[in-house]
Amino acid sequence: MESSDLPLCDTAAELDAMLTVDNVISGTSGQPALVFSVTRIDPDDVEAALLRDDCVVEFVAMESAIVESRYRVAVDTPHVETYAALVDRQTYPMGAFVTEHGWKVSTEFADRTDLEAFHDVCQRDAIDFQPHRLCTADHSPNDYGLTPPQREALLAAYRHGYFDIPRTADLAEVSAELDVTTSALSERLRRGTRKLVDHTVASSEQ
């Protein structure tokens, strides 16, 4: 989705970096909060850019290191309704990246009708929505409700020995293979593990 008005694009432009959105939290005040991470940027530079970004209301540093910094940011944006429309379409956002040009979002839609409806919302809000790749998810009885990224993350962690005792690989090694940040990988592993428990151990007790 391309629009210079989208949240944090100014920050990404000033840092000349890509921001990884780990989570979006809808607030009761109408100002959503974003949790994002950025790598190989001095935290002082990140915070200076956030202070100059007109859409940022406030921010909290959750992790501060040049290797990777993570922030929770409350934003004031005219596109709150756009995000609400995405949620209403019964979608599953699987990750987002912010650049100076806009947002690149991976999302699983329930069906093509919901995708087209969201496209119409973006057009209404003057957001250039251009799907780069469309694929149909085939759900088998044994996928345990996992999304493809969650399945990929769990299998990579298993192959590398992340679940071994003692552990023979850390998040950094597994994330390097998948070309994602450690925070994004950690969230995929947590969500994937929860779904596995929900569809196996927990389901037997219901």
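What is the mean pLDDT of the protein, and what share of its residues reach 70 or more? The mean is 80, and 78% of the residues get to 70 or more; pLDDT is the predictor's confidence in each residue, from 0 to 100.

This is a predicted model, where local features need pLDDT of at least 70 and side-chain atom pairs count only at pLDDT 80 or more, while totals for chains, interfaces and linings use all residues. Residues are numbered from 1 along each chain as its sequence is written, and side-chain values use heavy atoms, with hydrogens and water left out.

**Stop one: confidence.** Select helix α2 (residues 43-52), where confidence is highest, at a mean of 96. Then try helix α3 (residues 80-88), the lowest at 63. Helices here are DSSP runs (H or I, at least four residues), numbered from the N terminus.

**Stop two: α6 and α7.** Now pick α6 and helix α7 (residues 182-199): their axes (lines fitted to C-alpha atoms over the stretch in contact, with angles from 0 to 180 degrees between N-to-C directions) come within 9 Å and cross at roughly 95°. That makes α6 roughly perpendicular to α7 (65 to 115 degrees). Show Leu 171, Ala 172, Val 174, Ser 175 and Leu 178 of α6, plus Thr 182, Leu 185, Ser 186 and Leu 189 of α7, to see the contact (heavy atoms within 4.5 Å).

**Stop three: α5 and α6.** Finally, select helix α5 (residues 148-160) with helix α6 (residues 171-178): they pack at about 125°, axes 10 Å apart. On the α5 side, the contact residues include Glu 152 and Arg 159.

Conventions: Helix = DSSP H or I, 4+ residues; strand = E, 2+ residues; numbered from the N terminus. Parallel < 35°, antiparallel > 145°, perpendicular 65-115°, else oblique.
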